[in-house]
Amino acid sequence: MTVGPLDDWLRARGEQRAEAGLRRRLRTPPRACVDLASNDYLGLSRDPRVVAAAQHALGEHGTGSRASRLVTGTLGVHEVLERELCELTDQPVALAFSSGYAANTGVLTALGDADTLIVSDAHAHASLVDGARLSQSPVRIARHSDVAHVAQLLAERAEARAVVVVESVYSVWGDHAPLAELAALCRAENALLLVDEAHGIGVAGGGRGLVHELGLAGSPHVAVTMTLSKALGAQGGAVLGSEALREHLVNTARPFIFDTALAPASAAAATEAARIVRAHPELVETLHERARFVASALGTPPARAAVQSLPVASAESAVRAAEVIRSRGVVVGCFRPPSVPDGISRLRITAPADMELHVLARALDTVRDVVGDEPQGV
């Protein structure tokens with residue numbers, strides 16, 4: 001078999017990743033384990049009410065939507081989902097996408113053009129980065145949560161329009177974006193503040209998100225994206241904002257127009273999960289109690305998020321520690337460059353709200369035992 005230039009290039013890139021300790025692998029959890037790595041923050045993916053809603057939708061609609069939303073793919077479950085997401089977040093209207101990634105790339109490519117500046121926070125998620133790159137807009141990167149820098153970039157712009165892109169809660173540091181200040185700035189500069197609530201829904205504001213907590217829901221200068229696959233325990237994504245934004249996305253957002261609609265079981269599951277979050281804010285408080293327990297047990301400053309992280313000296317150390325912990329029946333996440341914006345490798349630890357404290361305590365003992373043998377970062 002002849003090896004061509006592409007094969008040589010692929011092999012060389014693979015060797016570079018291996019030497020840097022950045023080679024990724026597909027992973028499945030051990031058959032019996034304590035899972036401290038998932039995004040199922042509230043434990044709703046296995047909640048009997050959420051499962052029953054998905055099963056009912058399967059029986060009524062089948063396994064797939066069978067077409068895009070603009071052909072025959074818009075089902076009653078999608079419309080109900082969008083109404084419930086609006087009830088949860090107090091936003092005027094919503095538009096469901098097949099994933100949070102599609103929602104972020106869809107809204108930015110639909111809003112972007114040569115006369116629209118995108119100002120993106122330095123810690124923005126890859127889906128926002130990709131959406132900005134694909135938008136054909138000029139893009140400027142603002143220092144993380146630096147309102148003055150955002151103001152400078154907006155003041156210097158020559159473009160008629162501008163979109164400021166942030167996350168409400170950042171998954172690596174667990175910090176909150178200065179949304180109130182950014183919203184006031186965007187109002188003054190006639191810009192749109194686009195807030196990704198992926199790690200805010202089900203976590204901040206009693207589960208209704210940081211935008212809602214700060215009284216910014218429904219503001220004409222603020223729009224929201226979200227995923228249904230973290231605290232809501234399902235699959236999919238959504239963009240929430242004004243009627244005019246929704247109409248524009250229906251007509252111009254390629255990841256919406258040309259994608260098969262969200263599977264009905266996922267839509268129904270997310271709908272029921274949204275109802276549960278809205279009706280039971282105490283579930284969210286339990287999540288934060290678990291997060292504080294994790295931070296205390298590991299001796300790290302508590303993050304204002306579901307995810308707590310433990311710095312490790314190097315990518316190699318992080319991978320080695322995660323593998324040893326896994327071998328002892330506990331699964332933790334592993335953040336390494338380039339996934340961490342500050343270049344510091346971390347173990348990512350999430351304790352869902354439905355995890356018993358004694359189970360969590362034993363799992364954290366294992367993490368401490370292993371990480372105690374590894375040199376930690378700053």
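This report describes the overall build, the nonpolar core, the cavities and a few loop residues of one predicted protein model.

Residues are numbered from 1 along each chain as its sequence is written, and side-chain values use heavy atoms, with hydrogens and water left out. Since the model is predicted, local features need a pLDDT of at least 70 and side-chain atom pairs count only at pLDDT 80 or more, while totals for chains, interfaces and linings use all residues.

**Overall build**

The protein has 15 helices and 11 strands, where helices (H or I, at least four residues) and strands (E, at least two) are DSSP runs numbered from the N terminus. Along its principal axes, the C-alpha trace spans about 55 × 55 × 50 Å. The radius of gyration, taken over C-alpha atoms, is compared with a globule rule of 2.2 Å times the number of residues to the power 0.38; for 378 residues a compact globule would come near 21 Å, and the protein, with 21 Å, agrees. Among contacts (heavy atoms within 4.5 Å) between residues at least 6 apart in sequence, 75% join residues at least 24 apart.

Buried residues make up 53% of the 378 residues, where buried means under 20% relative accessible area, exposed over 50%, and partly exposed in between, with a 1.4 Å probe and protein chains only. In soluble globular proteins, nonpolar side chains tend to be buried together. A nonpolar core is a set of buried Ala, Val, Leu, Ile, Met, Phe, Trp, Tyr and Cys residues joined through side-chain atoms within 4.5 Å. The largest such core here has 62 residues, and Leu85, Leu179 and Leu193 are those with the most contacts inside it. Helix H12 (residues 264-279) gives the most to this core, with 8 residues. Leucine 85, leaving aside residues up to four places away in sequence, touches Ala94, Met226, Leu228, Leu232, Ala238, Leu240 and Ala274.

**Cavities**

Rolling a probe the size of a water molecule over the atoms shows where empty space is left. On a 1 Å grid over the protein atoms alone, a cavity is a set of points where a 1.4 Å probe fits but cannot get out, and lining residues have an atom within 4 Å of a point. Grid points are joined across faces, edges and corners, and a volume is the space filled by probe spheres set on the points. By this rule there are 2 cavities of 30 Å³ or more.

| Cavity | Volume | Lining by class |
|---|---|---|
| Largest cavity | about 60 Å³ | 6 nonpolar, 2 polar and 2 charged residues |
| Second largest cavity | about 30 Å³ | 3 nonpolar, 3 polar and 2 charged residues |

In these classes, Ala, Val, Leu, Ile, Met, Phe, Trp, Tyr, Cys and Pro count as nonpolar, Asp, Glu, Lys and Arg as charged, and the others, Gly among them, as polar. The lining of the largest cavity includes Arg69, Phe97, Pro255 and Asp259, and the elements that give two or more residues to this lining are strand S2 (93-97) and helix H11 (254-257). Among the residues that line the second largest cavity are Thr89, Glu197, Arg208 and His212.

**Loop residues**

Most residues other than glycine have a negative phi, and most peptide bonds are trans. Serine 145, in the loop between strand S4 (139-142) and helix H7 (147-155), has a positive phi near 55 degrees and is partly exposed, with a relative accessible area of 26%. Asparagine 190, in the loop between helix H8 (179-188) and strand S6 (192-196), also has a positive phi near 55 degrees, and at 54% relative accessibility asparagine 190 counts as exposed.

How values were computed. On a 1 Å grid over the protein atoms alone, a cavity is a set of points where a 1.4 Å probe fits but cannot get out, and a pocket is an open set with protein on both sides within 12 Å along at least five of seven lines; lining residues have an atom within 4 Å of a point.
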